[in-house]
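Morning, everyone. I'd like to walk you through one model today. Have a look at it first, then we'll go piece by piece.

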Amino acid sequence: AGRSFGSTFLATGSPRDQELKGIGKVAPRTMTAFPAGVVYTPLDLESTDPDPRCGTYLSRLLAYCDTLPPAMQFRMTEPKLRELASCLVDGTVFEIVKELEEIQQLNERALLNRRMKVVSVHKVQRGTLSKKHAEEVTGSAHKQHNLPLIKARHRTEADGLEKTLEEDMHSTDQKIITELDQLVVDQQTTLQQAAVPFFSVTKDTQDIELQICVLELIQKLAQEKHTF
């Protein structure tokens, strides 16, 4: 399965992200579909009376980009950043990103809870087998000559259980990964439909890293826009 948005899509580095790294993923999230027939387009930067916020957003985006690695800066051209600034003016994209983040958090909790439930079940199964083995050894204390055979059988049973649990955990993780990959596609589709530059459905690692970076820029602007 393809990797979900780098280390994360939104909410970079949250504690829940770190816990989910046990399966090599973190949880992205979906977004409700746009109304049928609605097409979102960026504002015309060449209009005679552009919104002054567009210039402010562009200025901030350019400043943010100066802190990025050269390879990333190379892909974030000024024309594309102008386009990004223009699509942020009416606030719709900020709301979309905020909702995506909220839905991600719900999905993270659900996925983490599902995985932890499996881990808990496995712990009980191991404990049950260990208790059974201990009782059998205690019950055979007066038959020392049988202990080697009993312990050999215990090792076989324990190995068999561990193999079963490992396969179950792997299956659980693969299902979670599949869900995460689909969530990423849903997110990419949502942002592409919203005409956010740099967004399309892709599994290319470099494109995904760029999309993560763009989202981080949008989040920074969302936190600062009330000061403009």
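One definition before we start: a residue is called buried when its relative accessible area is under 20%, and exposed when that area is over 50%.

Helix H6 has the highest mean pLDDT among the elements, at 95. Helix H1, residues 15-20, has the lowest, at 49.

Over residues 1-8, pLDDT stays under 50. The model still has 29 contacts beyond four places in sequence for that stretch. Residues 10-16 also stay under 50. There the model has 22 such contacts, again beyond four places in sequence. Where pLDDT is low, the predicted coordinates should not be read in detail.

On to the overall layout. How many helices and strands does the protein have? There are 7 helices and 0 strands. From the N terminus on, the order is α-α-α-α-α-α-α. The protein has 228 residues, and 38% of them count as buried. Residues 24 or more positions apart account for 75% of them.

Next, helix packing. Two packed helices are described by the angle between their axes and the distance between the axes.

Start with H2 and H4. H2 covers residues 52-65, and H4 covers residues 78-88. They pack at an angle of about 130°, with axes 8 Å apart. At that angle, H2 and H4 are oblique to each other. The crossing of H2 over H4 is right-handed. Which residues make the contact? From H2, we have Cys54, Tyr57, Leu58, Leu61, Leu62 and Cys65. From H4, we have Glu78, Leu81, Arg82, Leu84, Ala85, Ser86 and Leu88. By class, that is 10 nonpolar, 1 polar and 2 charged residues.

H2 also packs on H7. The angle is about 130°, and the axes are 11 Å apart. H2 and H7 are therefore oblique to each other. Their crossing is right-handed. On the H2 side, the residues are Tyr57, Arg60, Leu61, Tyr64 and Cys65. On the H7 side, they are Leu217, Lys220, Leu221 and Glu224. The classes here are 6 nonpolar, no polar and 3 charged.

Look back at H2 for a moment. Tyr57, Leu61 and Cys65 are in the contact with H4, and Tyr57, Leu61 and Cys65 are also in the contact with H7.

H5 runs over residues 92-139. H5 and H7 pack at an angle of about 110°, with axes 10 Å apart. That makes H5 roughly perpendicular to H7, because angles of 65 to 115 degrees count that way. Val93, Phe94, Val97 and Glu101 of H5 meet Leu215, Ile218, Gln219, Leu221 and Ala222 of H7. That contact divides into 7 nonpolar, 1 polar and 1 charged. Leu221 of H7 is part of this contact, and Leu221 also meets H2.

Now the loop I promised. Ala195 sits between H6, residues 147-193, and H7, residues 205-224. Ala195 is not a glycine, yet its phi is positive, about 60°. Is Ala195 buried or exposed? Its relative accessible area is 17%, so Ala195 is buried. Phe198 lies in the loop between H6 and H7 too. Phe198 has a positive phi of about 80°, and it is not a glycine either. At a relative accessible area of 14%, Phe198 is buried.

Two last residues. Ser86 is in helix H4. With 2% relative accessibility, Ser86 counts as buried. Ser86 and Val196 are 110 residues apart in sequence, but 9.6 Å apart in space, C-alpha to C-alpha.

Then His133, in helix H5. His133 is buried, at 11% relative accessible area. What does His133 touch? Leaving out residues up to four places away in sequence, His133 touches His154, Glu157 and Ala158. His133 and Glu157 are 24 residues apart in sequence and 9.5 Å apart in space, C-alpha to C-alpha.

That's the tour. Thanks.

Conventions: Residues numbered from 1 in each chain as written. Predicted model: local features only at pLDDT ≥ 70, side-chain atom pairs only at ≥ 80, totals over all residues. Heavy atoms only, no water. Helix = DSSP H or I, 4+ residues; strand = E, 2+ residues; numbered from the N terminus. Buried < 20%, exposed > 50% of the residue type's maximum accessible area, 1.4 Å probe, protein only. Axes fitted to C-alpha atoms, helices over the stretch in contact; angles between N-to-C directions. Parallel < 35°, antiparallel > 145°, perpendicular 65-115°, else oblique. Left-handed = near helix turned anticlockwise from the far one by under 90°. Contact = heavy atoms within 4.5 Å. Nonpolar A, V, L, I, M, F, W, Y, C, P; charged D, E, K, R; others polar. pLDDT = per-residue confidence, 0-100.
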